[in-house]
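User: I would like to learn how to read the main features of a protein model, one after another. Could you take me through them slowly?

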Amino acid sequence: MKRVFIIAVIGVLVFTAGSAAWYAGRLRTVRQGGLQAAVRSVGQTADKKLSTMATAARQYATQNNFNTRFCFLVDMSIASGEPRFFVFDLKADSIVRRGLVTHGRCNEQWLADRKYANTIGCGCTSLGRYRIGNPYSGKFGRAYKLAGMDVTNSNAYARFVVLHAHSCVPEQPVAPDPICQSDGCPTVAPGFLKELSALLDKSSKPVLLWIYQ
């Protein structure tokens, strides 16, 4: 009788341990599935946003005699250590290239969050659509003048906001670490600017750069 009791107790313990292990494994699976679903959700939201902006950019380019083959889209809601500058093929409806780009520090030592402004001397990024002008050689080397096409960035030319490169911007993602900040210029890595220049210099029409949040 005692032996039967011991065997029964052992059986209960084994069953309990097995059930606990199964439950823990199931819980991990659910949690991992939830995390993966959350990551997918963020990715899908970003893709949807980019697609929406590309559609609007295509329409704007067509109506305003811009290059309708490709445009540059910059999503400032993405962390600076992640690629947020997109070369978008408007014909194929796809991303051709992506890279890192700075945002303005608004004359602060380090801008912890995002702020946007359009006044001369503000040192901030200005949201809106830009016409990329002719290249020139400045203190940062090759650069492209930018003309703001919206009320939110109308002072870009007067503020000397230009598309240029700087060695402080890495060629590859560094997230979760941030990258350097600018005085309002969309600044990219030297290698990335060479790729952009190859496209810009072949374009017979102005190329649209759209910086949005």
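This is a predicted model: local features need pLDDT of at least 70, side-chain atom pairs count only at pLDDT 80 or more; totals for chains, interfaces and linings use all residues.

User: How many helices and strands does the chain have, and in what order do the elements run?

Analyst: Helices (H or I, at least four residues) and strands (E, at least two) are DSSP runs, numbered from the N terminus. Here the chain has two helices and eight strands, and from the N terminus on they follow the order α-β-β-β-β-β-β-β-α-β.

User: What share of the residues is buried?

Analyst: Buried means under 20% relative accessible area, exposed over 50%, and partly exposed in between, with a 1.4 Å probe and protein chains only. Of the 213 residues in the chain, 37% are buried.

User: Which residues of helix α2 are buried?

Analyst: In α2, which spans residues 190-200, the buried residues are Phe192, Leu193, Leu196, Ser197 and Leu200. They lie on the same side of α2, because they cover an arc of only 140° around the axis, the arc being that of the directions from the helix axis to the C-beta atoms.

User: How much space lies in the largest pocket, and which residues are closest to its centre?

Analyst: Rolling a probe the size of a water molecule over the atoms shows where empty space is left. On a 1 Å grid over the protein atoms alone, a cavity is a set of points where a 1.4 Å probe fits but cannot get out, and a pocket is an open set with protein on both sides within 12 Å along at least five of seven lines; lining residues have an atom within 4 Å of a point. Grid points are joined across faces, edges and corners, and a volume is the space filled by probe spheres set on the points. The largest pocket holds about 460 Å³ of space, and of the 25 residues that line it, Lys139, Phe140, His164, Asp183 and Cys185 are the closest to its centre. Two or more lining residues come from each of β4 (128-138), β5 (141-148) and β6 (162-165).

User: Where is Phe140 placed, and what is it in contact with?

Analyst: Phe140 sits in the loop between β4 and β5, and it counts as partly exposed because its relative accessibility is 39%. Contact means heavy atoms within 4.5 Å, and, leaving aside neighbours within four places in sequence, Phe140 is in contact with His164, Ala165 and His166. The C-alpha atoms of Phe140 and Ala165 are separated by 6.7 Å, although these residues are 25 apart along the chain.

User: Which residues line the largest cavity?

Analyst: The structure holds one cavity of 30 Å³ or more, and its lining consists of Arg97, Arg98, Gly99, Leu100, Pro170, Glu171, Ala189 and Phe192. Strand β3 (residues 94-99) gives the largest share of that lining, three residues.

Definitions and conventions. Residues are numbered from 1 along each chain as its sequence is written. Side-chain values use heavy atoms; hydrogens and water are left out.
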